Amino acid sequence: MLRSDQILATVEMIQKENLDVRTVTMGISLLDCRCGDVEETCKRIHNRITEYAGHFVSTCDAISKKYGIPVVNKRIAVTPIAFVGAGFFRDDFVKIAKTLDRAATDVGVDILGGFSAQVEKGMTNTDLEFIASIPEALAQTEKICASINIGTTQKGINMDALAMMGKTIKELAEITADQGGFGAAKFVVFCNQPGDNPFMAGAIHGLEEADAVLNVGVSGPGVIARALERLIKRHPEPGSLQLDELAEEIKQTTFRVTRCGELIGRAVSKSLGIEFGVVDLSLAPTPTVGDSVGEIFKILGVDAIGAPGSTAILAMLNDAVKKGGIFASKTVGGLSGAFIPVMEDAMLAEAVGDGSLCLEKLESMTCVCSVGLDMIAIPGSVDADTISAIIADEMALGMINSKTTAARLIPVPGKDVGDHVSFGGLFGASPIMPIRNIGKSSRFIAWGGRLPAPIHSFKN
Amino acid sequence: MNKQMIISVMSKDRPGIIADITGAIYQLGGDVADLNQTVLCGYLTMILSASFEPQVTKEDLLAAISHIKTSCKFEVSIKELNPDQDKEDTGPPEETYILTVQGPNKAGIVHGISSFCYSHNINIFDLATTLQNDQYTMALQLDLKNCQSSLAALQQELEAYSQQSGLTIMMQHNDIFQVTNEVTLH
């Protein structure tokens with residue numbers, strides 16, 4: 001028996017509420033591409049990627065058409081390149097980045113992530129060469145995204161690496177100053193980075209993975225927002241609707257969204273003969289109207305995003321999303337929760353502009369959501385040590401709370417509070433975020449060494 | 001070899017209709033295999049399939065049913081099935097789609113859509129309609145197996161039909177509705 005009401009609800013979700021599969025990301029191992037010299041290694045890398053991903057984009061498009069659900073992005077994630085390029089030097093890594101860029105263009109994907117290293121316990125010479133290559137590698141390529149994991153709950157935080165991050169980010173922004181410092185938007189610093197996150201810029205094909213895998217990132221903040229609005233409209237009497245019912249609505253809507261993503265993902269996986277990995281059900285906003293996570297805050301009861309209650313709201317939202325998604329999918333992974341990337345969400349950006357949302361509030365919100373301080377444009381004049389220290393705070397949150405946190409900060413050269421920056425497309429736009437207590441953290445950053453792992457991680 | 005019959009019954013709804021009809025079948029030694037019924041505007045319609053001993057005839061069954069004491073007259077139609085008629089239920093095939101149609105209520109909506117399907121060699125598996133505040137909604141489960149047009153061409157023609165008829169029409173693969181509304185995946 002057909003249920004018209006259920007059918008119509010699903011149709012609305014897809015046609016009107018911006019339900020989409022945000023990304024299908026193919027993870028490819030490059031570990032055995034390492035050869036005697038960098039040229040041969042690059043050749044093998046290029047062949048490996050075209051071998052696996054030759055039909056990737058066309059398959060995604062075909063399945064997207066069959067089901068009528070857009071697959072917005074097709075992406076590739078590779079093994080953290082510092083492992084692949086063990087023994088290579090800075091210039092070699094730039095060459096590898098260019099090869100990866102060319103391969104991404106040849107197979108037609110939007111972005112390729114995995115220009116990364118994992119240095120939570122210590123840095124090899126290769127890691128140092130890799131870090132040194134980041135600014136030039138990202139400046140000279142279009143589609144490459146880079147990341148680095150500098151801390152874990154088990155190992156603590158590598159403070160030497162942390163100290164380098166501020167400098168790296170500043171250099172990245174300076175070297176791409178003509179694009180508003182866009183280079184820094186392609187580099188994320190992580191604590192507890194997952195090996196199967198399909199979203200950029202932090203996607204990698206973890207060392208623990210097999211040769212290739214397909215991960216799907218679903219999204220749909222618009223779907224959640226509209227579902228909540230409908231529920232609220234049906235209960236106009238004050239007191240007739242309680243918070244747990246709203247949480248339930250989020251959970252059930254997330255269930256449906258996740259199921260759609262899994263359907264597409266498994267169909268692509270079957271068609272390509274590549275194993276299906278995980279569904280990452282993250283509410284990932286875009287600058288498009290109606291596709292905002294920030295909007296959900298207002299629907300759930302704060303007049304300004306960043307007002308008291310915002311952290312509690314986000315905690316509930318993040319948790320409800322996880323619950324609905326976990327029941328919906330056989331394998332859930334990646335980040336899975338709510339994202340708060342300032343530049344990518346028109347309403348979050350607006351809240352920064354009118355002063356309701358500050359860095360400190362964002363930081364507290366990262367304790368309860370999936371990512372961290374993401375896509376935040378700061379004044380170009382902020383010094384490297386302050387940037388490192390902001391990252392240190394974010395890393396500590398992740399380390400202590402056994403969750404993934406990250407920082408993607410963009411010090412926009414030549415711009416200050418009151419100015420705007422725009423990167424266009426999915427990367428969005430926002431006003432410059434004011435930073436307090438600039439230049440007061442250098443002595444802390446100068447120590448180096450290690451921020452020890454928390455006691456609760458010693459579970460042996 | 002048992003005889004298979006398809007029986008269709010329509011009558012004003014009252015308690016006990018299914019008991020009465022299946023009672024008549026039972027008296028004749030019949031075995032009900034499948035039954036589908038719906039009530040619309042106070043009228044019940046039922047279609048069922050039952051198997052009987054080979055000597056039982058359509059007329060025997062008609063007679064048995066006409067003997068039922070009932071205040072509301074039964075309108076009955078019976079077909080004897082050929083023994084080699086295929087009656088497998090394998091679930092919707094790969095090319096099953098759900099069409100939704102919405103618009104202000106007016107004459108000819110169902111006819112128009114079903115004619116569109118017919119002209120494209122599309123079979124309608126199931127159909128449900130609702131009318132609310134003069135807004136007519138129709139959901140159809142379609143079998144595109146024998147449709148000659150490509151999916152893209154079909155979508156375009158539906159778009160054109162939608163413009164011309166003033167109805168909102170959308171078509172989506174059946175799997176989406178199944179995965180989003182059912183707990184257990186098949």
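**Figure 1. Chain B from end to end.** Starting at the N terminus, chain B runs through its elements in the order β-α-β-β-α-β-β-α-β-β-α-β-α. That comes to five helices and eight strands, where helices (H or I, at least four residues) and strands (E, at least two) are DSSP runs numbered from the N terminus. The radius of gyration of chain B is 20 Å, well over the 16 Å that the globule rule gives for 186 residues, so chain B is more spread out than a compact globule. (That radius is taken over C-alpha atoms, and the globule rule is 2.2 Å times the number of residues to the power 0.38.) Along its principal axes, the C-alpha trace of chain B spans about 55 × 40 × 35 Å.

A word on reading these views: this is a predicted model, in which local features need pLDDT of at least 70 and side-chain atom pairs count only at pLDDT 80 or more, while totals for chains, interfaces and linings use all residues. Residues are numbered from 1 along each chain as its sequence is written, and chains are lettered from A and ligands numbered from 1 in the order in which they are written.

**Figure 2. The two domains of chain B.** Chain B is split into domain 1 (3–80) and domain 2 (96–181), with bounds that come from an automatic or database domain assignment. The centres of domain 1 and domain 2 of chain B, taken over C-alpha atoms, are 33 Å apart. Of the 186 residues of chain B, 21% count as buried. Here buried means 20 or more other C-beta atoms within 10 Å of the residue's own, exposed means 12 or fewer, and partly exposed is in between, with C-beta atoms placed from the backbone.

**Figure 3. Where chain A touches chain B.** Chain A brings 17 residues to the contact and chain B brings 18; two residues are in contact if their C-beta atoms, placed from the backbone, lie within 7 Å. On the chain A side, α1 (4–15), α3 (56–67) and α9 (243–272) each supply at least two residues. The most comes from α1(A), with eight residues.

**Figure 4. A loop and a strand in chain A.** The peptide bond from A:Met200 to A:Ala201 is cis, with omega near 15 degrees. A:Ala201 sits in the loop between β6 (187–191) and β7 (212–219) of chain A. Over in strand β9 (residues 373–379) of chain A, you'll find A:Met375, with a positive phi near 50 degrees. A:Met375 is buried, with 25 other C-beta atoms within 10 Å. For background, most residues other than glycine have a negative phi, and most peptide bonds are trans.

**Figure 5. A loop residue of chain B.** B:Asp134 lies in the loop between β6 (123–132) and β7 (135–143) of chain B. Its phi is positive, near 70 degrees. B:Asp134 is exposed, with 9 other C-beta atoms within 10 Å.

Figure 6. (The expected span is 1.5 Å times one less than the number of residues.) Among the buried residues of α14(A) are A:Ile387, A:Ile390, A:Ile391 and A:Glu394. Just after α14(A), A:Ser402 takes a positive phi of about 50 degrees. In chain B, the 15 residues of helix α4 (residues 151–165) reach 21 Å from first C-alpha to last, close to the 21 Å expected. Following α4(B) is B:Gly166, with a positive phi near 75 degrees.
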